[in-house]
Amino acid sequence: MRNTLVIGNWKMNKTLEEAVELVVRLKEKATDFPPSAEVVLAPPALYLASIAMLEEPWHKLAAQNCSHHDYGAFTGEISAPMLKSMAVDYCIIGHSERRTYFHETDALLAAKVDACLRNGIQPVFCCGEQLKQRKEREHFVTVLNQLQQGLFHLTPAQLSDVVIAYEPVWAIGTGQTASPEEANEMHTFIRQQLSSHFGEVAANDLRILYGGSVSAGNAASLLACSDIDGALVGGASLHVRDFAAIIGAAS
Ligand code: PEP
């Protein structure tokens, strides 16, 4: 049984004061969250320690990125052991913004997945096609290639600590969402491919999140789909009422 996972990716938004206020105001709504939903906040790395210190049992923490090295002379980087020491459970890996703006390659992302796993952090591995690729019916092959490059070197046991987020690039931050049918079709495809490579048990246990303009208005129809196990939420996670409504839809 896969429990629903909702992750709020705050990206590079909010001052510390605003970030703490968001957590405090979400806490006021937390008694209404479905008990089966797992809620994870991914604030800017700078705020992870402050938010961890609030010790709120209704949510876990994710980082938005990490180094593929564990330690060393890598100025400006944050490692998986550092994240682990701050009670971080998840780390987003391969978000399209990092693939595009920071030129993160498939090989680098595979190394980041490994860094997370060897340090007890669950990678949330992002994949998804560009609009042009969907229009040219290349979306399945694009996503399969990302999975092969980033994850297929793992063992089935390692895969059980991975979460996948399918995020069509054309839907991120655009207000344009994949329809529940389009999203579920891709999630089913991803699960089939994982099943062929890692076996049915590993594939059935793995959670596949949808991300791309998830909102209070569309969350219920997306989360009702058979192969959609949660959401990776960007913009809407910055607003208490919207994010609480999305979590509320995750029953
Ligand atoms: C994201 O950043 O992962 C995301 C899906 O953003 P948004 O919800 O704003 O489209």
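In what order do the strands close into a barrel, and is the pairing parallel or antiparallel? There are 8 strands, the order is β1-β2-β3-β4-β5-β6-β7-β8, and the pairing is parallel. On average, neighbouring strands of this sheet are turned by 25° against each other, direction ignored. Please keep in mind that this is a predicted model.

Cys-127 has Tyr-166 in β6 as its bridge partner.

Helix α12, residues 240-248, packs on the sheet, where it touches β1, β2 and β8. The direction of α12 makes about 160° with that of β1.

Helix α12 also meets helix α1, residues 16-29: their axes come within 10 Å and cross at roughly 45°. That angle makes α1 oblique to α12, and the crossing is right-handed. On the α1 side the contact is made by Leu-22, Arg-25, Leu-26 and Lys-29, and on the α12 side by Val-240, Phe-243 and Ala-244. By class, that is 5 nonpolar and 2 charged residues, with no polar ones.

Last, a single residue. His-187 lies in helix α9, which covers residues 180-198. Is His-187 buried or exposed? His-187 counts as buried because its relative accessibility is 0%, and the cut-off for buried is under 20%. Leaving aside neighbours within four places in sequence, His-187 is in contact with Tyr-166, Ile-208, Leu-209, Tyr-210, Asp-227 and Ile-228.

Definitions and conventions:
Residues are numbered from 1 along each chain as its sequence is written. This is a predicted model: local features need pLDDT of at least 70, side-chain atom pairs count only at pLDDT 80 or more; totals for chains, interfaces and linings use all residues. Side-chain values use heavy atoms; hydrogens and water are left out. Helices (H or I, at least four residues) and strands (E, at least two) are DSSP runs, numbered from the N terminus. Buried means under 20% relative accessible area, exposed over 50%, partly exposed in between (1.4 Å probe, protein chains only). Contact means heavy atoms within 4.5 Å. Two strands pair if DSSP finds at least two bridges between them. Axes are lines fitted to C-alpha atoms, for helices over the stretch in contact, and angles run from 0 to 180 degrees between N-to-C directions. Angles under 35 degrees count as roughly parallel, over 145 as roughly antiparallel, 65 to 115 as roughly perpendicular and the rest as oblique. A crossing is left-handed if the near helix is turned anticlockwise from the far one by less than a right angle, and right-handed if clockwise. Ala, Val, Leu, Ile, Met, Phe, Trp, Tyr, Cys and Pro count as nonpolar, Asp, Glu, Lys and Arg as charged, and the others, Gly among them, as polar.
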